[in-house]
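Here is my friendly note on this protein, written as numbered points. Keep the viewer open while you read.

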Amino acid sequence: MSRNTILLQDDADDVRAWTHPLERRSETRQLLSTPRCSTIPSDATILHLCSVQYLDSLRQGSANTKTRAEVRGSGRKIRPQKGTGKARLGDGQSPMLRGGGVAFGPKPRDFSTKLNRKVIQMGMRVALSVKVKEQRLGVVPRVQWYCHKTVTLENRLDKLGWRTGTLFVSGMPQIDTAIKLAGRNLRGLEFKHVDELNVYDLVKWRRVILDLPAVSLLESKLSKAPIERPEPDAVQQDASRNV
């Protein structure tokens, strides 16, 4: 593996990644971590559930049509029931007539679906594991750039091979303004905060680049470390003090 490799490798015991700097003056260094998501088998069902749940939440559900009770017009019968030799008709709001109401048209509704929090977390672990195995997950020290010129960022990304289909995820409180200005006119690039990252983004984008703060936040959120609970004796002592 070359020194400039930034793709995570799924080894037996650990996951090694070389943090490749965006800026040339930064130093390339090796990152060694053991996230639990690196050994999770891929599950297309969980990825599909999480993706559908996210896409459902984006739907406005504002489509609306008028029924025959809401259409403007008189309730008078158009023609007599018998004697004309024609088909029987009621009022002008009938769905069979032009200008009438819609029989089974859409009404405003909420398309969002519920998915348990642990299922979404499992989907994030599976999606990250798939990116690791496909060697499409990269790490940089910081998602930032030294100027707002688009051409400078474009030339750098061309050399790294990150020009299209790349999602940059930052764990800093705010995404760097310079890199957002430099990359907003480049198609195939997007910048997101780690709190906005979801399973659909990991499935959609061909390549995902994380910075070190984002890696730390993801490891803390997705880890299965047991919650430290106070011992019963300590709880009883605190209760007796309060009494």
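1. Read from the N terminus on, the elements of the protein follow the order β-β-β-α-α-β-α-β-α-β-α-β-α-α. That gives 7 helices and 7 strands.

2. A word on where the values come from. This is a predicted model, in which local features need pLDDT of at least 70 and side-chain atom pairs count only at pLDDT 80 or more, while totals for chains, interfaces and linings use all residues. Residues are numbered from 1 along each chain as its sequence is written, and side-chain values use heavy atoms, with hydrogens and water left out.

3. How much of the protein is buried? Of its 243 residues, 37% are buried, meaning under 20% relative accessible area with a 1.4 Å probe, protein chains only (over 50% is exposed, in between is partly exposed).

4. Now for contacts, which means heavy atoms within 4.5 Å. Among contacts between residues at least 6 apart in sequence, 69% join residues at least 24 apart.

5. Next, look inside. A nonpolar core is a set of buried Ala, Val, Leu, Ile, Met, Phe, Trp, Tyr and Cys residues joined through side-chain atoms within 4.5 Å. The largest one has 25 residues, and Met124, Val169, Leu197, Leu202, Leu210 and Leu218 have the most contacts inside it. Elements that each supply at least two residues of this core include helix H2 (117–133), strand S5 (166–170) and helix H6 (212–222). Apart from this core lies another, of 16 residues, with Trp145, Trp162, Leu189 and Ile209 among them.

6. Beyond its neighbours within four places in sequence, Leu197 touches Met124, Leu167, Val169, Leu202 and Leu218.

7. Finally, the rings. Rings of Phe, Tyr and Trp (its six-membered ring) pair if their centres lie within 6.5 Å; planes under 30 degrees apart count as stacked, over 60 as edge-to-face and the rest as tilted. The whole structure holds 4 aromatic pairs. Why is the pair of Phe168 and Phe191 called stacked? Their ring centres are 5.3 Å apart and their planes are at 20°, so the pair is stacked. Phe168 belongs to strand S5 and Phe191 to strand S6 (residues 189–193), 23 residues apart, so to speak a link between distant parts of the chain.8. These two residues are worth a last look. Phe168 counts as buried at 2% relative accessibility, and Phe191 counts as buried at 16%. Together with Trp162, Phe168 and Phe191 form one aromatic cluster.

Conventions:
Helix = DSSP H or I, 4+ residues; strand = E, 2+ residues; numbered from the N terminus.
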